Amino acid sequence: TLSMMADPVVADDGHSYERSAIQHWLRTRSTSPQTREAMGPRLVPNHALRNQIGAWRVQRGLAPMPDRYVPPAPAPAPATDADAEAPAPAADAKIKTEEAEAPAPAANGDAMETDEKADKMDES
């Protein structure tokens, strides 16, 4: 993707990729983008590379990597007739999720949006 990785993973081909980019690739293909050989869907977090990226960012005065990368939430699905019949949640109800408690990724010029990353992956 030519962008700094935020969530590097190692795929079955032994190469490291940005998670969102390789997931996008694997939705339509079952081959490695590097070798073009058959590849399974298994992705393993690359903690060593993530730590190196984090250290590089801190050395250069950039925002550190969050403890846990949380990808952007997908756009909500369009409303249906069934949604109109569901009761509205109480105004004072507070829903806590692990994603809501995790720090958001730093917004900076180093990272491209997920769709742009995936499009660049398709072009290469």
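**Entry 1: strands and their partners**

Before I began, I noted that two strands pair if DSSP finds at least two bridges between them. I also reminded myself that this is a predicted model.

With that in hand, I looked at strand 1 and strand 3, and I found 3 bridges joining them in an antiparallel arrangement. In this pairing, Val 9 has Pro 45 of strand 3 opposite it.

I then turned to the other partner: strand 1 and strand 2 are antiparallel too, with 3 bridges. Here I saw Pro 8 opposite Glu 18 of strand 2. The hairpin these two strands form has 4 residues between the strands, and Gly 14 there has a positive phi near 90°.

**Entry 2: the overall layout**

Read from the N terminus, their order is β-β-α-β-α-α-α-α. Of the 124 residues, 24% are buried.

I also checked how far apart in sequence the contacting residues are. Among contacts with a separation of 6 or more, 55% are between residues 24 or more positions apart.

Where is the confidence lowest, and where is it highest? I found the lowest mean, 41, in helix 4 (residues 98–101), while strand 1 has the highest, at 96. Across residues 92–121 the pLDDT is below 50, yet the model still shows 34 contacts for this stretch beyond near neighbours in sequence. I wrote myself a caution: where pLDDT is low, the predicted coordinates should not be read in detail.

For the chain as a whole, the average pLDDT is 74, and 57% of the residues score at least 70.

**Entry 3: the nonpolar core**

Which residues make up the largest nonpolar core? I counted 8 in all: Val 9, Ala 11, Tyr 17, Ile 22, Trp 25, Leu 26, Met 39 and Leu 43.

Beyond its neighbours within four places in sequence, Ala 11 is in contact with Tyr 17, Met 39, Arg 42 and Leu 43.

**Entry 4: two salt bridges**

How many salt bridges are there in the whole structure? My search gave 2.

One joins Asp 7 to Arg 19, with the closest N and O atoms 2.6 Å apart. Asp 7 sits in the segment before strand 1 and Arg 19 in helix 1, 12 residues apart. Is Asp 7 buried or exposed? Asp 7 counts as buried because its relative accessibility, 13%, is under the 20% cut-off. Arg 19, at 22%, counts as partly exposed.

In the other, the side chains of Asp 12 and Arg 42 meet at 3.5 Å, N to O. This pair also links distant parts of the chain: Asp 12 is in the loop between strand 1 and strand 2, and Arg 42 is in the loop between helix 1 and strand 3, 30 residues apart. Asp 12 is partly exposed at 40%. Arg 42 has 57% relative accessibility, so it counts as exposed, the cut-off being over 50%.

I returned to Glu 18, which lies in strand 2. Glu 18 is buried, with a relative accessible area of 4%. What does its side chain reach? I found the backbone nitrogen of Ala 6 at 2.7 Å from the Glu 18 side chain.

Next came His 15, in the loop between strand 1 (8–11) and strand 2. His 15 is partly exposed, at 31%. Leaving aside neighbours within four places in sequence, I listed its contacts as Val 9, Val 10, Gln 34 and Thr 35. His 15 and Thr 35 are 20 residues apart in sequence, and their C-alpha atoms are 9.6 Å apart.

My last stop was Arg 36, in the loop between helix 1 (19–28) and strand 3 (43–45). Arg 36 has a positive phi of about 65°, although this residue is not a glycine. With 48% relative accessibility, Arg 36 counts as partly exposed.

Definitions and conventions. Residues are numbered from 1 along each chain as its sequence is written. This is a predicted model: local features need pLDDT of at least 70, side-chain atom pairs count only at pLDDT 80 or more; totals for chains, interfaces and linings use all residues. Side-chain values use heavy atoms; hydrogens and water are left out. Buried means under 20% relative accessible area, exposed over 50%, partly exposed in between (1.4 Å probe, protein chains only). A polar contact is a pair of N or O atoms within 3.5 Å; within protein, one must be able to donate a hydrogen and the other to accept it, and residues adjacent in sequence count only if both atoms are side-chain atoms. Contact means heavy atoms within 4.5 Å. A nonpolar core is a set of buried Ala, Val, Leu, Ile, Met, Phe, Trp, Tyr and Cys residues joined through side-chain atoms within 4.5 Å. pLDDT is the predictor's confidence in each residue, from 0 to 100. A salt bridge is a side-chain nitrogen of Lys or Arg within 4 Å of a carboxyl oxygen of Asp or Glu.
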